[in-house]
Structure formats: C-alpha cells, structure tokens
Amino acid sequence: MSASAPRVPLNVQLRASLREHNSFGLPAVAATLVRLASESDVKRVVDHPEYGRAPKLVLGGGSNLVLTGDFDGLVLHMAIAGKRVWREDDEAVYIEAGAGENWHEFVEWTLAHGYPGLENLSLIPGTVGAAPVQNIGAYGLEVGERLHSVTAWDFARQALFTLDRAACRFAYRDSLFKQEGWHLDGRVAIVSVVFRLPRNYRPNIGYADLRLELAERGIAEPGARDVADAVIAVRRRKLPDPAVTPNAGSFFHNPVVERTQADALLAAYPKLPHYPQADGRVKLAAGWLIEQAGWKGKNLGPVGMYEKQALVLVNRGGASGADVRATMAAVQAAVREKFAVDLSPEPVFL
Ligand SMILES: Cc1cc2nc3c(=O)[nH]c(=O)nc-3n(C[C@H](O)[C@H](O)[C@H](O)COP(=O)(O)OP(=O)(O)OC[C@H]3O[C@@H](n4cnc5c(N)ncnc54)[C@H](O)[C@@H]3O)c2cc1C
C-alpha cells in the first residue's frame, strides 16, 4: 500500500492466456498482462509511453467475469498486498488492505486479530479491491456497510483519489464503480480499501439459513468465529467449488418489481419468495423463478444451471463466452415467458 516499493522491472507477459485468471475457466488471450504488486507499479504503467494510453482491463481474481473474446489491450492483474490497522478510536477499528489481497484470507485475518464484522462475507472468492465494485453481499451483510473509504488510480486524470463510503454510492450489487465511464472501460484501478469495524460487535444472524445452521450446531450466542464457520459450512453445501465446477457464483440479480406485479405473481404463485423493499417495490428470488421455469440442473451445450442452486450458471467443460451467453439468453427467455420478469446478469461481460 505504500508507494515506496523497490524498483524492479514490471512483470509483463505478452499474448497471455486468461483461462487460469477467470473462475468460469473461459478461454481468452490478453495482448499484454501486467502484474501490479505495488502502487508504484501502477504509476509506472501510467507513465509508460505505450501502456499509459493502451485500453485497459482491471483484473482481480476473475470470479465475477465472463470473457467473451480476446482482449487487445493491457490487462492489469491487481496483486497489491498488505493489511494493517490504519486507525483506532473508541467506536471502531479501521483496517486498510491492498487491492490484491484474497478476500477470504483477509476476512480470516481480521477474525484472527480480534476484529469482527466481516464474517458474514466469509468464503466469497476474489480480491479486496473488487469487493466494493459490486458491493459484495451475503448472509445479511453488504461490504458497503463496513467500508470507510476506497483509494484508486484514475487513468483518465492520471491521479490517485480517495472516495468515502457515501461517495461510493453503494446499492444492491452495485456501486459508482459499475457505472458507465468508470471501471467498465478500465478507467479506475482500486489500489486499497479501508474498512470500518465497529467495536460494539453484535452478530448478524438474521438470515434464515445462518440461524438454522447455528441452531443445528447448538450455538445460542454465537461469536464472530461461530458465524464465520456457519457461513462457510452453508456455502460449501450449496455452492459449487470453482476449482471443480467452473462458475461465477450467483449469475443473475434478484429482480426487483413493482408492488402490483408482485401481488399478481403472488396470487398465482403463493410460494414465491419475496422481500419488500424500502421504496415500496418487491425483490423476488431469481433462483426460485429459474427453478420453476425448469432450468435447475438443465444444460444447453456445455453450460447449465447448477443442480443444487438454480441461480448458479456452471461451465460443464470446454465452454466459451458465447456458450455462456446462449444459456443466459435461454434462461432469461424461459423466466420472461413464465413470469413476465426480466433477469439481468450479475457478472461483468468483456
Ligand atoms: C463460487 C462463487 C461464489 C460467489 N459468491 C458471491 C457472494 O456471495 N456475494 C457476492 O457479492 N459475490 C459473489 N461472487 C462473485 C465474486 O466473488 C465477487 O464479485 C468478487 O468481489 C469478485 O472479485 P474478483 O477479484 O474475482 O473480481 P474480478 O472478477 O476480477 O473483477 C470483477 C469486476 O471488478 C473489476 N475489478 C476487479 N478488481 C478491481 C480493482 N482493484 N479496481 C477496479 N476494478 C476492479 C473488474 O474490472 C471487473 O469488472 C461469487 C463468485 C463465485 C465464483
């Protein structure tokens, strides 16, 4: 996280395969792949006569990406490490972490050092730097709730900048970074994130699956470690391991519809899981809609929907980005036809 890393040559690979760099295992080649291990590496890319102006793709762990073709530009593989207590006060501990830190290992580190607050987000694949991009969320917590600030390079302005939590405009699986003109055109590389972990720790166990898992373990008053272990156990049961069955986690957003449409759907399908939102609209469970539309465990060519969790799209072997698109379109069409609801994909397409 400090800009004073030793001056070693940039780690550059030409015509680099990205297959190992995306959890779907999709084939794609980057014209140039640069591994950025420090903020000064980022600065050297900015100052480089060729790299500075090249089209860029910022890559973390590749667990939320659908690669649909080769990338004729510069892929910046974010590998900036480091984690430390940045500040402490009576109310909270502030922890800074480098963008390239593995997310789950970072959560484990916070717990091992006695800083609870992120445990509900255990075992989410990917990096610290990508966590704010789609405001990762699971088991009743979104990372935006624990975030203090984000520091990033803006390649357009050639400057480092810091945004506080409000400026990040976090929403459900969304943030400023996903907006037009930001990361999607490679404009911004997040280099570090500061988290705010409140001292008045209360376990967040509102989520039904989590409560059930803790009850089955006979734990009435869980600590942060208990919550993390329960989250990890539930996730291992429900979600495919990308190392065995390549996937990118939940593939579709849970759709949010108007109250009138939700009422009509609930009259026809009383079991439809639904969650009223603060703005009066209603969030529906995409996995349930996909299952009812007949797609749970169903394949189209080498791509299908996972048999244990219909929301997860999986590569059964040898799929391309075009195969992923074809299955996505078929699932969207089936859900639209049965429920008149549009599903939008969660991963980023490139
Ligand atoms: C099995 C599985 C389970 C999952 N479960 C969840 C879950 O429960 N909740 C959830 O929210 N997500 C989940 N995901 C999705 C994914 O893990 C998260 O979105 C994660 O934050 C992606 O991190 P990454 O480093 O792999 O990002 P990448 O896939 O490498 O990148 C994702 C996007 O972020 C951008 N990006 C990455 N790093 C940076 C950076 N440093 N600066 C700027 N932009 C950057 C990329 O350009 C890209 O647009 C799951 C995925 C899998 C495979």
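I started with a definition: a residue is buried if 20 or more other C-beta atoms lie within 10 Å of its own, exposed if 12 or fewer, and partly exposed in between, with C-beta atoms placed from the backbone. I also noted that helices (H or I, at least four residues) and strands (E, at least two) are DSSP runs, numbered from the N terminus.

**What I am looking at**

This is a predicted model, where local features need pLDDT of at least 70, side-chain atom pairs count only at pLDDT 80 or more, and totals for chains, interfaces and linings use all residues. Residues are numbered from 1 along each chain as its sequence is written.

**Helix 2**

I went to helix 2, residues 103–112, and found Trp103, Phe106, Val107 and Thr110 buried there. Looking down the axis of helix 2, I saw its buried residues fall within an arc of 100°, so they line one face of the helix. (The arc is that of the directions from the helix axis to the C-beta atoms.) On the other side of helix 2 I found Glu105 and Ala112, both exposed.

Then I asked myself what covers the buried residues of helix 2. The cover includes strand 6 (83–88), strand 7 (92–98) and strand 12 (188–198). Just after helix 2 I came across Gly114, which takes a positive phi of about 80°.

**Helix 3**

I looked up helix 3 (residues 208–216) next, and its buried residues are Leu210, Glu213 and Leu214. They span an arc of only 95° around the axis, which puts them on the same side of helix 3. The face turned away from that buried side carries Ala208, Leu212, Ala215 and Glu216, which are exposed. The buried residues of helix 3 pack against helix 4 (224–238).

I also checked Arg211, which is found in helix 3. Arg211 is partly exposed, because I count 14 other C-beta atoms within 10 Å. After helix 3 comes Gly218, with a positive phi near 70°.

Tyr139 is not a glycine, but I found a positive phi of about 50° for it. Tyr139 sits in the loop between strand 8 and strand 9 (141–142). Is Tyr139 buried or exposed? Tyr139 counts as buried, because it has 22 C-beta neighbours inside 10 Å.

Ala340 is not a glycine either, and has a positive phi of about 55°. I located Ala340 in the loop between helix 7 (321–339) and strand 20 (348–349). Ala340 is exposed, because 11 other C-beta atoms lie within 10 Å. I also looked at Ala340 and Tyr306: they are 34 residues apart in sequence and 23 Å apart in space, C-alpha to C-alpha.

**Around the ligand**

How many residues surround the ligand? I got 33, and the closest are Gly60, Gly61, Gly126, Gly129 and Gly249. (A residue is near a molecule if its C-beta atom, placed from the backbone, lies within 6 Å of it.) Strand 3 (56–59), strand 8 (137–138), strand 12 and strand 13 (247–250) each supply at least two residues of this shell. I sorted the shell into 19 nonpolar, 14 polar and no charged residues. For that sorting, Ala, Val, Leu, Ile, Met, Phe, Trp, Tyr, Cys and Pro count as nonpolar, Asp, Glu, Lys and Arg as charged, and the others, Gly among them, as polar.

**Domains**

The domain assignment, which is automatic or from a database, gives domain 1 (11–78), domain 2 (83–198) and domain 3 (247–349). I read 21 Å between the centres of domain 1 and domain 2, taken over C-alpha atoms. 14 residues of domain 1 are in contact with 15 residues of domain 2, where contact puts the C-beta atoms, placed from the backbone, within 7 Å. On the domain 1 side, helix 1 (39–47), strand 3 and strand 5 (71–78) each supply at least two residues. That side divides into 7 nonpolar, 5 polar and 2 charged residues.

**The core**

Last, I looked up the largest nonpolar core, which has 93 residues. (Such a core is a set of buried Ala, Val, Leu, Ile, Met, Phe, Trp, Tyr and Cys residues joined through C-beta atoms within 7 Å.) Those with the most contacts inside it are Val75, Leu76, Met78, Ala189 and Ile290. Leaving out residues up to four places away in sequence, I found that Val75 touches Leu18, Ala30, Thr32, Leu33, Leu57 and Leu59.

Conventions:
Two residues are in contact if their C-beta atoms, placed from the backbone, lie within 7 Å.
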